[in-house]
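These are my notebook entries on one protein chain. I set down what I looked up, one topic at a time.

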Amino acid sequence: MPNIKTRFQEAVRRHLKYSTAKPIERAGRYDWFQAVSLAVREFMIDGMLATEARCRETDAKRLYYLSIEFLMGRTLGNTLHNLNLYDLCKEALIEMGADLEEVQEIETDAALGNGGLGRLAACFLDSLASRGLPGYGYGINYEFGLFKQQIINGHQREKPDYWSGISSPWLIERPERACLVPLYGRVEHAADKRGQYNPMWLDWQLLVGVPYDMPVVGHGGRTVNYLRLFSARTSEEFDIQIFNDGDYFRAVEQKIQSESVSKLLYPSDSVTAGKELRLIQEYFLVACALRDIMQRYLRVHQNLEAFPHKVAIQLNDTHPALAVAELMRLLIDERNLEWEDAWRITRSTCGYTNHTLMPEALETWPVSLLERVLPRHMQIVFEINRRLLETVSDRWPGDPGRLQRMSIIGESDPPQVRMAHLAITGSHSVNGVAALHSQLVKSELVPDFYDMWPQKFNNKTNGITPRRWLLKANPPLAALITKTIGDGWITRLERLQELEAAAADPEFQQAFSAAKKTNKQTLAGLIQRVCGITVDVNTLFDVQIKRIHEYKRQLLNVMHIIHQYLSIIEDSRFPAAPRTYIFAGKAAPGYAAAKLIIKLINSVAEVINHDARVRDRIKVVFIPDYRVSLAERIIPAADLSEQISTAGMEASGTGNMKLALNGALTIGTMDGANVEIREEVGPENFYVFGLTVDEIRQMRSAYNPRSYYDQNDDIKRVVDAIDSGMFCPAEAGLFRPVRQNLLDHGDYYFHLADFAAYLNSQQRVSEDYLKPAGWVRKSILNVARLGKFSSDRTINEYARDIWHITRPADATASGPGGRSPVGRSVNRR
């Protein structure tokens with residue numbers, strides 16, 4: 001039997017010849033990527049089949065994670081690390097005349113998500129497999145992602161993001177598992193043979209959902225689960241009928257319309273057609289997922305009594321909330337269960353994770369739209385709501401306000417279906433994603449539901465996978481940690497605590513600083529290539545990388561930069577520590593205020609970077625097209641992590657965890673998971689500033705931002721500079737809306753109220769950075785104390801408290817003495 005390296009090389013040669021039809025001497029970089037990926041996929045499939053056999057033999061309860069996004073990033077490098085094959089494959093390719101680093105760069109990021117929601121889902125899939133748990137993702141196989149971001153004259157421009165999902169080497173088509181998805185039609189109010197009400201959904205149109213499986217390898221390779229993604233296809237029956245009628249062009253038109261359902265992530269809902277397509281997308285996901293889940297269950301079980309004991313369904317935010325109505329429909333209409341039995345099964349099976357406290361981000365759908373697109377589901381939602389309000393009225397008689405607040409149907413004009421209310425009512429568990437967030441869900445977002453079902457509500461603080469965000473993203477630091485404490489931290493992140501003993505050791509500090517400098521040099525090279533800007537790796541790298549949104553307050557960061565710039569050119573006062581400010585992130589295409597912030601960042605960069613008076617003490621960089629693979633380059637190089645959202649508006653955040661795990665110190669508000677990070681790393685190793693949630697609540701009604709402008713010369717100078725044309729000499733008035741939002745429209749996100757405190761905290765950052773030994777010690781302690789924020793811990797809590805799933809026999813992914821089936825021992829120490 002050939003050894004692993006020989007087997008891998010033989011597979012690469014075979015795929016070069018038979019999958020790319022190229023002799024090895026003529027193979028290009030893309031051919032090498034395809035061949036290497038397909039060779040690696042063979043190892044993945046071996047593990048996937050073995051994992052499925054274990055689950056089938058033990059009839060294990062399975063978790064199905066429904067999410068509209070999965071931001072997976074690149075697969076090749078991460079899979080090789082999890083299989084413990086990275087170094088072996090690198091050596092094997094060198095012998096074959098190829099470079100693994102170059103091959104990896106060919107891969108595009110899987111365009112299946114946008115931001116934190118999708119990246120969290122990806123981390124969870126990694127942790128499920130690494131913990132040996134039977135958990136599977138369900139999503140949509142988008143042909144185009146959100147968009148590719150280009151920066152042209154400082155403005156964001158959106159280009160199609162085509163990631164070749166169908167031809168990806170990681171996707172395994174499963175046409176035999178295709179699902180039929182009904183839409184539109186009408187409900188006929190009929191009776192069955194017993195005279196019982198028996199509604200019939202008739203005259204629907206059909207979509208077909210074709211599944212594609214993306215294997216997800218746990219660390220050590222023992223467990224390989226999968227992410228099942230559905231592509232929309234038109235129904236052959238409808239095509240045939242139209243062809244028979246001789247209307248070829250109508251058939252083609254219908255095919256294009258049907259397949260548009262999985263064409264694009266988040267189609268614009270600013271027009272009715274886009275809103276309808278988005279609703280169909282969400283139903284397409286849950287209909288395909290639940291049909292597939294039900295079919296798998298019924299292949300083993302004769303009835304549905306054990307369904308909640310073998311199936312757990314988690315709704316990742318409100319996008320999959322229609323799963324409540326769809327599961328009820330399947331149980332009642334297709335499996336002939338009584339309402340009470342169907343409702344018991346549905347609520348026992350579903351769990352809901354809330355990800356936002358912002359009312360505008362809580363999904364609602366017009367009743368009229370749901371009645372037209374999903375008439376039977378709207379009927380079921382009405383009945384769920386009737387029974388809910390009846391229960392509420394019995395418990396709190398004479399309280400119409402409570403009935404109005406809790407109703408699934410909002411009494412707006414036009415009436416709206418509140419999807420969060422549907423998800424809460426139809427689930428046995430409702431969780432937030434950080435301690436503060438979960439408390440605010442109970443006290444501010446849905447207090448009436450908490451009063452009614454306090455046992456449902458719980459917290460599951462988010463986490464990140466250390467395999468991608470430290471082992472893969474930061475090889476210099478990962479190697480140093482492993483050399484110092486062994487490699488047990490890869491699957492037990494709390495082992496990083498052992499680094500505390502070395503935090504003040506000059507030799508370890510020097511090695512830690514060298515790893516950071518290596519990463520900064522790598523990022524500096526990328527910035528030079530992509531942005532044409534030369535940055536000094538000896539400056540403090542101040543990083544804010546996340547979706548561009550007013551509540552995340554990139555504007556507050558820019559205001560501080562402008563303050564520093566004006567201090568230089570008007571006061572001859574230079575910053576104590578030279579800085580390179582690094583931004584990255586996308587704004588939603590229709591979000592004008594966020595896009596204007598991107599333009600402001602780039603305009604400020606253009607002025608500062610070309611002003612000789614600054615003497616390179618400040619550089620500003622906006623790196624376009626933020627994505628997972630870019631984050632993997634930026635995060636290891638960061639010295640300072642900007643987590644400066646308005647308190648009470650960030651549910652958790654995971655970028656804060658990734659940056660801290662890689663040694664960046666945090667400047668942040670008491671918001672989201674910042675609160676818990678500060679508790680873990682110690683307040684002396686975290687630069688906190690700003691108003692708290694309670695202070696903002698108390699100030700909200702009486703807040704007058706103009707008084708801050710009038711009384712604080714620094715604020716006045718910065719705001720006036722933004723509006724003056726200093727940063728847009730050729731476009732007078734371009735940034736006036738920024739001034740208006742700050743002064744005339746109430747400064748909803750409290751930029752001016754927090755500005756002075758932010759400046760003071762930034763001054764402390766500069767002072768500390770000039771004391772290298774103290775700064776490095778703080779940085780090491782941040783790494784050492786981040787063990788809580790592993791997604792492995794989060795998944796263990798979900799599995800124990802919500803899903804009640806366990807590891808099937810012989811599925812141990814790693815552990816003391818655990819061995820990978822393909823590589824070295826994963827826990828040598």
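Entry 1, the sheet. I began with an open sheet of 6 strands, whose order is β20-β19-β18-β21-β22-β23 and whose pairing is parallel. I record here that the model is a predicted one. I then asked which strands stand at the edges. They are β20 (618-622) and β23 (686-688); each has a single partner strand, so one side of each is left without a neighbour in the sheet. From one strand to the next, the twist averages 20 degrees. As a reminder to myself, strands of a sheet pair through backbone hydrogen bonds, either parallel or antiparallel.

Which residue of β19 is the bridge partner of D542? I noted Y581.

Helix α31 (residues 751-769) lies across β18, β19, β21 (640-643), β22 (665-668) and β23. I noted that α31 runs at about 160 degrees to β23. Helix α32 (residues 772-784) also packs on the sheet, where it touches β18, β21, β22 and β23. The direction of α32 makes about 85 degrees with that of β22.

I located N609 in helix α23, which covers residues 592-609. Is N609 buried or exposed? Its relative accessibility is 17%, and N609 counts as buried because the limit is under 20%. Leaving aside neighbours within four places in sequence, I found N609 in contact with I533, I618, K619 and V620.

Among the buried residues of α14 I listed P375, R376, H377, M378, I384, L388 and V392.

Entry 6, aromatic pairs. I noted a count of 20 aromatic pairs. One of them joins Y30 and F33, with 6.4 Å centre to centre and 45 degrees between the planes, and is tilted. Y30 and F33 are 3 residues apart in helix α2 (residues 29-58), so about one helical turn separates them. Y30 is partly exposed, with a relative accessible area of 47%, whereas F33 is buried, at 4%.

I next looked up Y703 and F750. Their ring centres are 4.4 Å apart and their planes stand at 20 degrees, so this pair is stacked. The pair links distant parts of the chain, 47 residues apart. Y703 is in the loop between α27 (693-699) and α28 (705-711), and F750 is in the loop between α30 (736-743) and α31. Y703 is buried, with a relative accessible area of 12%; F750 also counts as buried, at 0% relative accessibility. Finally, I recorded a cluster in which ring pairs link Y64, Y136, Y138, Y226 and F230.

Which residue lies over the face of W396? I found R402 there, at 4.1 Å from the ring centre. For W453, I noted that the charged end of K456 sits over the ring, 3.9 Å from its centre.

How values were computed. Residues numbered from 1 in each chain as written. Predicted model: local features only at pLDDT ≥ 70, side-chain atom pairs only at ≥ 80, totals over all residues. Heavy atoms only, no water. Helix = DSSP H or I, 4+ residues; strand = E, 2+ residues; numbered from the N terminus. Buried < 20%, exposed > 50% of the residue type's maximum accessible area, 1.4 Å probe, protein only. Contact = heavy atoms within 4.5 Å. Pairing = 2+ DSSP bridges. Axes fitted to C-alpha atoms, helices over the stretch in contact; angles between N-to-C directions. Phe/Tyr/Trp six-rings, centres within 6.5 Å; stacked < 30°, edge-to-face > 60°. Lys NZ or Arg CZ within 6 Å of the ring centre and 35° of its normal.
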